[in-house]
Amino acid sequence: MMKRIQWMSAALTALGVLAAPSLALASSHREAPSISNDPAADNTDTYAWVKGTNLVVVADYIGLELPEGGPNWATFSDDVLYEVHMARGADKLSDALTYQIRFTTTPVVRHDPMLNEPAPAGGREFFGQLSGGGAFNQTYSVTLIQPGKAPLLVVPKGVVTPPNVGPMTNNVAYKIPAGKTYEQFFVDDAATTRVVAMAGGGSAFAGPRDDPFFVDLGGVFDLAQIRPVANPAEAARDSIKYMNVHSIVLEIPLVTANGGAAPIAGPHAAQTVGVWASASRQTVSVLRKDGTDDHYGPWRQVSRLGLPLINEAVIGVQDKDGWNRRTPSDDATYYAQYFDKPIIVRDAEAIGFYGAGGPLAACVPPGGLPALESGRLGDIVPIINLPDHVGAEKINSIGDVIRVDLGQPSGFPNGRQLQEDVVDVELKLLLCTLNAGTPFPAGIPDGPTGNETPFKATFPYVAAPWEGRSANPRPVNSLP
Amino acid sequence: MKDRRLKRFWYRAGPLAAAGALVTGGAMMGCSSDSPTSSSTSGTGGNTDVTSSTTTMSGGTGGASTSSSSATATAAAGTGGAGTTSSSGTGGQHDLAIGSAADVHRPFDATPSPDGSQVYFTADGANGLGVYKAPSDGSAPTPVAVYPAAIDPANPFAGPFGIAISTDGKTIFVADVAGGPSDRGAIYAVSAAGGTPTLVSGTDGFVPRSIDVVVVGGLDNLTFSGTDAKGLPGIFSVPAAGGTVTPVTVGGALHDPSGLAVAKDGAIYLIDTIASGNSAAQILVIPQGGSPKVLVDDVRVGYPAGIAISTDDKTLYVSGFNPQELTDRLLVVDIAAKTATESFKTELGTFTESGGLHRAKTSDIFALVDSSAGPKAGKVFVIK
């Protein structure tokens, strides 16, 4: 262990210590070629922050999910192993805690069309919400794994909230009492809520939610023409406004996250955790003629997310699929060059952002662009590793995890809360550095600065999913 | 064609030879195990802090073991007395080295002939999907029963994950997870000299994954991992000539049984790829007449997961991988100590998809595949 860390430190030192900026973008929705074909396993965002006596972790999957996406609404996959990982302390990136979440979907009940039943007008063959199966009848379990201890089933059977289809479905299929909303029935009201307690403390939730992320995807991927950065005449846009995502939300007691003792108030590397989430599939799938699939072999990770935008904006397209198969403890070994020489800086340069009159002209350091183009470990890694939060107690390991000091209030990059404009922060870090003296150009907003709807004040914190029936046509998609 | 393949082999053999691992003429080498295995309990295996790994090849001769036998069972996951991958020590007696290797396209599983002179393997190979063979000196492979086009109506194969050979060396058995009249897999038999595969009657629909051949009453029987008609995973037995499939054990502790090897006392050693409490693999043992017990918990394996037992029934060899590097290793399992130790980092550590593994009937000669993705990227290794 120590040998490895020392080696990595030496390697990073050798790569140079300097300062300068790079370019960035959308979180991790469909960010790599392979996972873009596998939405149910696509980890789009991960959030982690201290709230009272708990650590809240939100792991989102299935990006760009249309609320009206029936008749087969998006669901978690029974064939995917979803995980929330947590390392702890200054040196380690291995899991101190792992939460494994598995889903089970009730098959749709078969009805023989010859028998014309159920009669009359049962409607169960066509309307999924009346079928008793699929997206409308899904449960999950949560297992806590800690080194040296037996795996612990902390949620034997939770129930996934169903798609928010529309008022008729609320009435007929969900039998929500008149005067109650979908959100009240499935989340807020204690008698009917699907929030479940975890054994040993804390709570869990799984189901569709409003996607809390906000970004101008359309502008970003039109060669970084983020509105209004590229054109001040255009208003900022949130491309994923009125779109849903599937969230796994865990409220983990700080005592559990900290390994058994309550965290001490104040900065401490030993009680700083590194959070990331992932999705894995079994190695082999066999497609049967009868419409069923079988899966064999060991689990293989196909998606992961710690800090926002890393695979999206830092890792080159040639390595994005490989990145999803590896783990944070691999990052310094395999991907250090991407952090040292952010490709997004060169791409921003290529489209003229740093040129005279360009939107990032003010970011060009006195020595010229080369200082932004390489030698960036010295300013990027320290920000990720929280020197301002844990003080003299340095964090030595380097990998793509969200660091959260359990003894302090959270605020990106010490944790990531739902409302934080991480695109803004990371764009500034990569493209211009966050060093004093090279401020991000004043007066140039970098796109949307907030979510389209307020977050909940209570668990699970993420906002209610948009309703399918009323979500389209979408309102004008610009921010006030 | 053949010349090109030979060149490729010798080119590939270069690095192995340079690493001191290539053994010709059947000589044996002492080979110390290398890095400690991590016994992290992280989920899929992924995120572990593994220490360095310096491989030392000790050039012992003639079977001198380099074992220090200081393996300790760290028992990370508390599942009833199961051992775990060791974090120190070399785990015991093994005096093997990579004897040769041949380039092949996407191999699944391999078995030496009873005397170890030939290696038979299933692959989605250069000539199509099916069974190939190669001399165990690393020469180029040739087709035995291969179908170039997947749409060929005569092609019985779809997912030939497992292979085994009869005691007399004359018949190859192929476990196919996706073929068969039922579309739910079957075992096929084909002459080692080539010909048309025929269904081993009774096996259709059992989703067979891996086979070992056991002699019962003077006749070959096939012990195989698969799935029963109710969809439950299990271990089954069927006469090699075909007949009634008898369940050995079904359901219970089994989740996804893959490779298996049967010891002389009838005990079945098998790998379940996801049975561990943290969703990693387990090595299980089913004593004759008994039910499955965990031998080593929390190991990382390739797929199809290969396992073979030494002729003295003391050591298991498992096609594994290092979770940190995500590269192949041979796991050496001391059955008595219930420990697994990573080995062959130098020889296997540049490959990423370890697969099936079998032992020759009469000697400690093994065949192991790596099915790294991409054309011509696979390997069949002979380990002596």
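User: How long is the polar contact that joins the side chains of B:D298 and B:R300?
Analyst: The model is predicted. B:D298 is found in strand β18 of chain B, which covers residues 293–299. Its side chain is joined to that of B:R300 by a polar contact of 2.7 Å.

User: Is B:D298 buried or exposed?
Analyst: Buried means under 20% relative accessible area. B:D298 has a relative accessible area of 2%, so B:D298 is buried.

User: Which residue has its side chain joined to that of B:D298 by a polar contact of 3.2 Å?
Analyst: Such a contact needs a pair of N or O atoms within 3.5 Å. At 3.2 Å, the side-chain partner of B:D298 is B:N278.

User: Which residues are closest to the centre of the largest pocket?
Analyst: The largest pocket holds about 1,500 Å³ of space. Its lining has 42 residues, and the closest to the centre are A:D78, A:D79, A:R102, A:D293 and A:H295.

User: How many charged residues does the lining of the largest pocket have?
Analyst: In chain A, β4, β5, β10 and β11 each supply at least two residues of this lining. By class, the lining has eleven nonpolar and 18 polar residues, and the charged ones number 13.

User: Which element gives the largest share of the lining of the second largest pocket?
Analyst: The second largest pocket has about 690 Å³ of space. Among its 26 lining residues, those nearest the centre are A:V284, A:S285, B:F108, B:A158 and B:F161. Two or more residues come from each of β10 of chain A and β3 (107–112) of chain B. The largest share, five residues, comes from β10(A).

How values were computed
Residues are numbered from 1 along each chain as its sequence is written. Chains are lettered from A and ligands numbered from 1 in the order in which they are written. This is a predicted model: local features need pLDDT of at least 70, side-chain atom pairs count only at pLDDT 80 or more; totals for chains, interfaces and linings use all residues. Side-chain values use heavy atoms; hydrogens and water are left out. Helices (H or I, at least four residues) and strands (E, at least two) are DSSP runs, numbered from the N terminus. Buried means under 20% relative accessible area, exposed over 50%, partly exposed in between (1.4 Å probe, protein chains only). A polar contact is a pair of N or O atoms within 3.5 Å; within protein, one must be able to donate a hydrogen and the other to accept it, and residues adjacent in sequence count only if both atoms are side-chain atoms. On a 1 Å grid over the protein atoms alone, a cavity is a set of points where a 1.4 Å probe fits but cannot get out, and a pocket is an open set with protein on both sides within 12 Å along at least five of seven lines; lining residues have an atom within 4 Å of a point. Grid points are joined across faces, edges and corners, and a volume is the space filled by probe spheres set on the points. Ala, Val, Leu, Ile, Met, Phe, Trp, Tyr, Cys and Pro count as nonpolar, Asp, Glu, Lys and Arg as charged, and the others, Gly among them, as polar.
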